[in-house]
Amino acid sequence: MTKSKPKVVLTMQPPELVDKLMNDTQWARLDAVADVDRDVITDFHAEGVEDQIKDADYIFSGWGPDARIDVDTLDRMPKLKGIAAAAGNAWRLLTPEALEEVDKRGILRSNSGYVNGIPVAEYCMAMILMANKDFFRAERIYRERREYINREVEFPTAGNYLKTVGLVTASARIGRHLMGLLKGCRMRVLAESRSMDAEETASYGAVKADMETVFRESDVISVHTPSLPATRGMIGAKYFKMMKDGAWFINSARGAVVDADAMIAELRTGRINAILDVTDPDEPLSADSPLWDMPNVILTPHIAGSEGTELQGMGENVVNELTHMIKGEPLEYAE
């Protein structure tokens with residue numbers, strides 16, 4: 001008698017996200033080990049969902065859904081063994097009470113936070129290299145002048161050789177990956193972190209430094225700090241005033257960790273530059289923000305994280321982790 005495959009249910013918002021996360025090869029791999037219900041759940045309390053989830057062994061989640069799983073919903077999934085998220089965490093899928101119950105029952109959780117952080121680190125790496133090359137000003141003045149530009153005269157301090165890059169909260173997943181990318185470059189890397197000692201920092205090819213040193217000595221500063229009550233507005237006027245003339249400030253983490261008014265005040269002097277993929281309190285940035293019209297500011301619409309084909313990297317991770325769960329193998333990104 002053929003043993004039936006475990007059942008996987010999908011939940012995310014919007015439901016069409018699954019088509020961006022999964023390609024045909026990934027679907028084939030998942031179908032080989034599980035019975036996948038492709039009718040995406042957007043609300044576990046909706047009519048008809050109870051029959052859909054009663055035999056669920058595993059959950060494949062993405063962003064969302066509209067309502068989190070509570071203890072009552074868990075009780076309607078008595079066979080549930082694991083949750084794999086194509087997102088930075090799986091625990092946000094659950095109410096606090098349900099999270100406690102999941103831990104009591106030994107239900108596995110895995111997320112794609114590290115995988116989602118890879119394109120963020122790549123974005124930061126690209127911005128660091130281009131900022132040091134004075135790429136953004138070069139593109140602008142070439143377009144404006146439409147004539148020969150003598151780079152040795154126009155950009156005497158441009159280039160990445162022997163420049164200093166500073167990372168704030170370098171111990172974050174993205175910060176660690178970025179240090180790995182920077183390791184092969186001919187630059188000095190300063191890493192601010194409370195949780196990494198000098199020896200571990202050196203293993204990434206970086207030098208442990210405090211915030212003041214990072215802001216005072218870096219040609220480019222990249223922020224990787226999570227948004228928490230304790231970190232809100234932590235980068236204020238004191239630090240922006242420490243920055244070297246012509247230095248760049250990159251924020252691809254969270255806008256809330258920056259004192260926006262202090263940053264704008266220093267940017268208005270034209271003394272420093274910024275590359276902002278996130279802002280606060282406005283995201284999207286309000287139409288009347290002064291940042292739009294500053295020639296020393298590069299704005300991108302929160303694109304550093306997974307987008308387009310990069311979403312399939314998270315889908316691949318979920319397929320891998322669900323396969324590990326089903327086969328009783330160790331998880332790569334257990335939560």
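Reader: Which residue of strand 5 is the bridge partner of G82?

Author: This is a predicted model, in which local features need pLDDT of at least 70, side-chain atom pairs count only at pLDDT 80 or more, and totals for chains, interfaces and linings use all residues. Residues are numbered from 1 along each chain as its sequence is written, and side-chain values use heavy atoms, with hydrogens and water left out. Strand 4 and strand 5 (residues 108–110) run parallel and are joined by three bridges; here strands (E, at least two residues) and helices (H or I, at least four) are DSSP runs, numbered from the N terminus. In strand 5, G82 has as its bridge partner L108.

Reader: Through which helix does the chain cross from strand 4 to strand 5?

Author: This β-α-β crossover is right-handed, which means that, with the strands pointing away from the viewer, the path from the first strand over the helix to the second runs clockwise. The element between strand 4 and strand 5, covering residues 96–105, is helix 5.

Reader: Are the residues on the two faces of strand 4 buried or exposed?

Author: In a regular strand the side chains alternate between the two faces of the sheet. In strand 4 (residues 82–85), one side carries G82 and A84 and the other carries I83 and A85. Buried means under 20% relative accessible area, exposed over 50%, and partly exposed in between (1.4 Å probe, protein chains only). Both faces are covered, and these four residues are all buried.

Reader: In what order do the strands of the five-stranded sheet lie?

Author: This sheet is open and its pairing is parallel. Strand 2 (35–41) and strand 5 are the edge strands, each pairing on one side only. From one strand to the next the twist averages 15 degrees, angles running from 0 to 180 degrees between N-to-C directions of axes, which are lines fitted to C-alpha atoms, for helices over the stretch in contact. The order is 2-1-3-4-5.

Reader: What angle does the direction of helix 14 make with that of strand 4?

Author: Helix 2 lies across strand 1 (7–11), strand 2 and strand 3, and runs at about 120 degrees to strand 2. Helix 14 also packs on the sheet, where it touches strand 1, strand 3, strand 4 and strand 5; contact means heavy atoms within 4.5 Å. With the direction of strand 4, that of helix 14 makes about 165 degrees.

Reader: How are helix 2 and helix 14 oriented to each other, and why?

Author: Helix 2 (residues 24–33) and helix 14 (residues 311–327) pack with axes 10 Å apart, at an angle of about 15 degrees. Among the residues that make the contact are R29 and L30 of helix 2 and V319 and L322 of helix 14. Angles under 35 degrees count as roughly parallel, over 145 as roughly antiparallel, 65 to 115 as roughly perpendicular and the rest as oblique. The two helices are therefore roughly parallel.

Reader: Which strands stand at the edges of the seven-stranded sheet?

Author: The seven strands form an open sheet with parallel pairing, in the order 8-7-6-9-10-11-12. Each edge strand has a single partner strand, so one side of each is left without a neighbour in the sheet. The edges are strand 8 (207–208) and strand 12 (297–299).

Reader: Which residue of strand 12 is the bridge partner of A274?

Author: Strand 11 (residues 273–276) has both faces covered, with N273 and I275 buried on one side and A274 and L276 on the other. Four bridges join strand 11 to strand 10 (residues 248–251) in parallel, with W248 opposite N273. Three bridges join strand 11 to strand 12, also in parallel. There, A274 has as its bridge partner V297.

Reader: How far apart in space are R143 and R38?

Author: R143 is found in helix 7 (residues 135–145) and counts as exposed because its relative accessibility is 57%. In sequence, R143 and R38 are 105 residues apart. From C-alpha to C-alpha, the distance is 49 Å.

Technical notes
Two strands pair if DSSP finds at least two bridges between them.
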